[in-house]
Amino acid sequence: MKMSDNILEMVEKAIHFSEAINIEKENLEVCMNSNLPYVLLHRYHNEPPDKLKNLLKSISSSLMVRDDYDNLEKTMGEISGSISKKFNSFLILELMISSGNKDLEIFSLFDHTDITTSTLQKALEDMETNTLPVTIREEDESPLKPPLNRNNRKDNGVFWIGLNLPASLFTGHNSESLIEQFTDAFKKVIFKFIRIQTSNHFSHYLMHDNDKLDDNVKRIDKELADVSEEMNFLLNTTPVNENAAWEEFKSRNFKKEPQFTYRMIKFDPEKVKERLFDLDMDGIKGTTIDYILRQKRIQLEIELTLLQSREAVGAKFLGHYLYSVPDEKEMEAAWEILDNVKDDIEEQEEETVSCHEFAEIAQPEIDYLRSEFKNKSIATEVRNDIVGLMVNKTTVYISEGMSIKKSRVAPLIQHEIGTHILTYCNGLRQPIKQLYTGFAGYNTLQEGLAVLSEYFVGGLTASRLRLLAARVVAVDCLVKGKTFTETYSLLVEKYNFPKELSFNLTMRIYRGGGLIKDTVYLRGVLQLLKYLQNGGNLELLFTGKFALHYVPLISKFLDQGVLKEPILPNHFKEKEFQNRIEALRNEKFKLLDLIT
């Protein structure tokens, strides 16, 4: 086997398994920390200066190749083509050094109207110590031909852009500072490319920026938090006529689609959207915080659109974007539960407590949080316009007339108060306000953590696990176009759920025209089992409300003292919790082992 064939095999294998690519040969050096949709490329004849090497390596994905390496097209084609299949696009940013050049020259197939090209030009012009003009030239004027021809790039979604730098930039007393500024400029370009041109919603390299919470960031963070709080999204997408709708559904022999009514929206969604898009996102300097705040703005915009579209045709597709439809593994897990787990007969026959009794039993947990956070607003409230239990900020709303099995009282208290309110209060203590209103996509981790809290206090029953699985099956029905009555009938006839419970379950999925939030409960449990069995830090997850992929950032901020250590659930002190978390971390622990 030729050396070039061996290199291609190494590259192909690393990309297939989403591993880092590290190759050091005499005439080729590849350093890609993970599968990222971009690479910095440099071709050279003489050994590049160390500062240029450091610049290339600072971007997490680089390729340096000597001009006697004759397999560049195949190597670059394998890297860019394979990764582009994962992300729908790939950027090659090639750095060229010229001793006679006095300008910063950008070579591109596109002019200043292209977003990637113009972003690079502006980022270079904005560098504090740069006094050189930045010009955009035709691709054909480039000192080096792109490593891939135009047809190859077009067919594989590859974008090449060349940057010709004067050699003098890498010498002199201010060269170190200039290199750091180039690094920042390139990160801005790469971030913009990823955000606009690819399907990648998160890249770990973004988590290593030294983001600062300057005044502009704080203003945007606060405005997004205010909008999120004012919207009361879940409250405004929850029917207020559940009981009346159920009685009418029964009277029509469970055959006619129920009609739901909702709270009056007290604000103009269009005006709120204007507030969102008046925010100076382009003024954010760090890519990590830029990513967090932009993702939150997208989520809020979609939620506002969904509020405008309650019960409208097509509303369900907005819910699909917010919460993602169940994948194959999640469906298999749901079917496994429903096929193998039977309802606990003793639980069905046990005594219940009223809504007011539940509030009374929950009071010690509320007192614990009030004491820890010095927050008197933590409370329960019985209402006649909500379904089941619902948390809003620091209040647990309890449906009037609701009765709860005694065995479910303690786990529900830990789910709603010991997780949702606790993480909200921990988030309130942090300088990033999104940690209490919730980063975009935070629901999966939140609900998974809340369900595991039920397990930790010994209250995750067979019936509860079946309910979570049934929610996923109901979501799948909605996604596949089944009607409310068809989904209701499936739950009753095939899976033997009680009629009123099946109505309530189906209503949660079909409300607002289709809100598939309930798929995140089982998804969150599956993700957390994997995370914890891989040694993940459970305590860190209570710092606020965020998605699991933000753990490296939260961990870094905790280590640096940017964030305060979280106050933990009261039951963490108990021996039974220690026994359960130890059992759960064992890789032999399976989903059905959660039943207590």
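This briefing describes selected strands, helices and contacts of the structure above.

The model is predicted, and local features need pLDDT of at least 70, side-chain atom pairs count only at pLDDT 80 or more, and totals for chains, interfaces and linings use all residues. Residues are numbered from 1 along each chain as its sequence is written, and side-chain values use heavy atoms, with hydrogens and water left out. Helices (H or I, at least four residues) and strands (E, at least two) are DSSP runs numbered from the N terminus.

- Strand β8 (residues 158–166) is mostly covered, since nine of its nine residues are buried, where buried means under 20% relative accessible area, exposed over 50% and partly exposed in between, with a 1.4 Å probe and protein chains only.
- Both faces of β8 are covered, with Val-158, Trp-160, Gly-162, Asn-164 and Pro-166 buried on one side and Phe-159, Ile-161, Leu-163 and Leu-165 buried on the other.
- Strand β5 (residues 90–98) runs parallel to β8 and is joined to it by nine bridges, with Pro-166 of β8 as the bridge partner of Ser-98.
- Strand β6 (residues 104–108) runs antiparallel to β8 through four bridges, and Glu-105 stands opposite Asn-164 in β8.

**The sheet β10-β12-β11**

- Three strands form an open sheet in the order β10-β12-β11 with mixed pairing, two strands being paired if DSSP finds at least two bridges between them.
- The edge strands are β10 (379–383) and β11 (389–392), each of which pairs on one side only, and the twist averages 25° from one strand to the next.
- Four bridges join β11 to the antiparallel strand β12 (residues 395–399), and Leu-389 stands opposite Ile-398 in β12.
- Helix α15 (residues 355–373) packs on the sheet, touching β10, β11 and β12, and its direction makes about 160° with that of β10; contact means heavy atoms within 4.5 Å.

**Helices α22 and α24**

- Helix α22 (residues 520–533) and helix α24 (residues 575–585) pack at an angle of about 90°, with their axes 8 Å apart; axes are lines fitted to C-alpha atoms, for helices over the stretch in contact, and angles run from 0 to 180 degrees between N-to-C directions.
- The two helices α22 and α24 are therefore roughly perpendicular to each other, a term for angles of 65 to 115 degrees.
- Leu-529, Leu-532 and Gln-533 in α22 meet Ile-581, Leu-584 and Arg-585 in α24.

Terms used: Angles under 35 degrees count as roughly parallel, over 145 as roughly antiparallel, 65 to 115 as roughly perpendicular and the rest as oblique.
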